[in-house]
Amino acid sequence: MPSPTDARSSSREPTGTPSARSTPRSSSRNVLPSTRPGDSGRTNREAGGPPVSELGRLALLLGFICSVFAVGSIAWGLRTGYSGPLRSGRRAVWTVCGLALLAVILLERALLARDMSYRYVAEHTSKDLPLHYAFTSLWAGQEGSLLLWLLILSAYGSAFLFAYRKRLDPFYDAVAMVIAAVMIFFTGLLTFVSSPFRILATPPPDGMGLNPLLQDPGMMIHPPVLYTGYVGFVVPFAFAMAVLLLNRSGTRWIEEVRRWTLFCWGFLGVGILLGARWAYIELGWGGYWGWDPVENASLMPWLVGTGFLHSVMIEQRRGMLKTWNIALIALTFELSIFGTFLTRSGVLTSVHSFAESDIGPWFLSFILISGTAATALILYRKALLESENRMEAMISREGSFLFNNVLFVALTFATFLGTTFPVVSEAVTGTKISVSAPFFNRVNVPIALALLLLTGAGPVLSWKRATASVLKRNFILPMFMGTVAAVVALPFGADGVYTLVCIFGAAFVVTTIVMEFARGIQARRSGETAALPAQVVHLVKKNKRRYGGYIVHTGIVVLFVGVLGSSVFQKEAHAPLKTGDALRIGPYTLTLRGVTERQKQNATLTTAILGVERGSKFVGTEHASKALYSKSQQPMTEVALHSTPAEDLYMILGGVNEDGSASIQAYINPLVSLVWGGGLIMVLGTLIALSDRMRIRREERAGL
């Protein structure tokens, strides 16, 4: 099954069209001459800068000192058993959060006031920039996004301490100590290497303006949501390291870390989906995923985190895969830092990356140090991580989960290999060879389809060993329904192995999920007199974790079908049109009614007015535009969308030609609404699974 970008990437710009997964890079023109990228030195003006900027620097410096103090104080308390140092360390973590919040408020104040004496403000805002985009420019550049990262990180540390404020077990102090150790890195980076409070020697009369790609409503929500997912993986990592540091046995921590992982996994998934939607409506190339290096960097921790959420059930149920689970947690955290490294190092060509700076080696060093420390602890505590049971048969639920994990890791490795191949090739041959979408499609699509099939098989297999009678009872109907769906799809143009396997797998998984719900309702039917929908609701409430997971699986199936429809069955047409000319694509006819030009707040907007007919029925007037931003002189596409549940008609104005004609490009993307709908279903299932406290209460009675 080809990707939505397969065979379409040629329509993108030669240097690669920006794809909105994280904050795009700042071009080198934005680096004002009075400073250099990555330069931590201070100019003459900086030495006597405004008191507010000095307060911001002081807040970051105090945050660094408090982070160091938190680690040292908690470590001393754990070693001596004294409660005083532990309490002091917790207060220090809270203090870092307050100081980070103060620094954010001070920088936002400068951004909203357009105080051009700040280098960061001058590079990312302008006087004609709308107020809401001035606010979001906090995370438009390197220093500001790092400050947002620190705020979210310290907020996670504070939320963790608040959630366990009544627990006197030093285990939780050890978790806080690991979080504080990560805060040392980020506060140090912002204090000594990449401060957002640098002052220019000669402030310009106006700023460079915000990157046009970021002047979109998606900018207001996508980066913070994505960062919340990225940064959140520090908590599971801290749990795992605390278990190893204190030589703690038991499974209580596993349940708690599962919930934290599920929380940040959900946010990261939503962030990826929002980025795909942002790319779809903002970039004007007809797709939503282009296998860009930084896109891949956000996907990899999500994939490994998904594997952990499955394998952790084996440890809880059978006491197996302990080492594997710790390794997955550590890998997820390291991959989240790796994504930041890619964005800021400049080692890979990506439209998301910031200008090359000195900050990349700092991130690489942190990855190496934290990864080495985690590996050393795992090896040191190998006796603690020995499995309590052995796998009795591969055809079992734990066998399917293990195979599921192998595929998730293989998918992550293939993505990692393709992402970093340009660096490896340059190091070996001296030539940087980029890997494009076809490579990822050839390698990753078969793995993804195998995972889809396992999504249906795993839940209906028995623990320990699946007997022949169980296999017959649980698999005949799903396989029959999958076969019927594939056969029915043939006359509608479904051909190719991947397409048919995807259709078969979707029907297979949905059937197994319906069977699981039916069995649950049947088991409760003796005491139930309510209507079927009410019985389903009661069933979900009874075991939110289990049935919330099934709802997530349903969302994945819907998403797969959406990707299949919008890629395999996509149609494309383009032509230069003069007023009154028409372009036909599928059942639609697009008639150019005219081209207008107007000035908006900080850009000139050229708009093609298109009358849209489906068959002989007029369905509406659409406006496809091209905006030329005054500060950057960079054109940006504003897509016209006519959306229905079945398909999107996607219209782009390529430009106005010398003869007065407008270059119009149109796509029909069938079932693309299922991509966004599947994501919403996944969010619903995640929220239901997160609300399940039954298992936690049971574990609390059993003890850690």
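Student: Where does α15 bend, and by about how many degrees?

Tutor: This is a predicted model, and in it helix α15 bends by about 35 degrees at N444, with a proline, P446, following within four residues.

Student: What span should α15 have, and how far apart are its ends?

Tutor: Helix α15 covers residues 437-457, and because each residue is taken at 1.5 Å, its 21 residues should span 30 Å, a figure that agrees with the 29 Å between its end C-alpha atoms.

Student: Changing topic, how many salt bridges does the count come to?

Tutor: The count comes to 12 salt bridges. As background, side chains of opposite charge can pair when their charged atoms come close.

Student: Which residue does R248 meet in a salt bridge, and where in the chain do the two sit?

Tutor: R248 meets D169, with 3.0 Å from N to O. The pair links distant parts of the chain, since R248 lies in the loop between α9 (234-246) and α10 (252-282), while D169 lies 79 residues away in the loop between α6 (142-163) and α7 (170-193).

Student: Is E516 buried or exposed, and what is the relative accessible area of R519?

Tutor: E516 is buried, with a relative accessible area of 5%, whereas R519 is partly exposed at 32%.

Student: Which residue does E638 pair with, and which strands hold the two?

Tutor: E638 forms a salt bridge with K600, and their closest N and O atoms are 3.2 Å apart. This pair too links distant parts of the chain, with E638 in strand β6 (residues 635-638) and K600 in strand β3 (residues 588-600), 38 residues apart. Both are partly exposed, E638 with a relative accessible area of 25% and K600 with 27%. Elsewhere, salt bridges that share partners join E255, R258 and R545 into one network.

Student: On to pockets, what volume does the largest pocket have, and which residues are closest to its centre?

Tutor: The largest pocket has a volume of about 1200 Å³. Its lining has 49 residues, of which L299, W302, L559, F560 and M682 are the closest to the centre.

Student: Last topic, what is phi of R114 near, and where is R114?

Tutor: Phi of R114 is near 55 degrees, a positive value in a residue other than glycine, and R114 is placed in the loop between α3 (83-112) and α4 (119-124). R114 counts as buried, at 15% relative accessibility.

Student: And what about L321, what is its phi near?

Tutor: For L321, also a residue other than glycine, phi is positive and near 60 degrees. L321 sits in the loop between α11 and α12 (322-345), and at 16% relative accessibility L321 counts as buried.

Methods:
Residues numbered from 1 in each chain as written. Predicted model: local features only at pLDDT ≥ 70, side-chain atom pairs only at ≥ 80, totals over all residues. Heavy atoms only, no water. Expected span 1.5 Å × (residues − 1). Bend = angle between axes of the 7 residues up to and from the residue. Salt bridge = Lys/Arg side-chain N within 4 Å of Asp/Glu carboxyl O. Buried < 20%, exposed > 50% of the residue type's maximum accessible area, 1.4 Å probe, protein only. 1 Å grid on protein atoms, 1.4 Å probe; cavity = no way out; pocket = protein on both sides within 12 Å on 5 of 7 lines; lining within 4 Å. Points joined across faces, edges and corners; volume = space filled by probe spheres on them.
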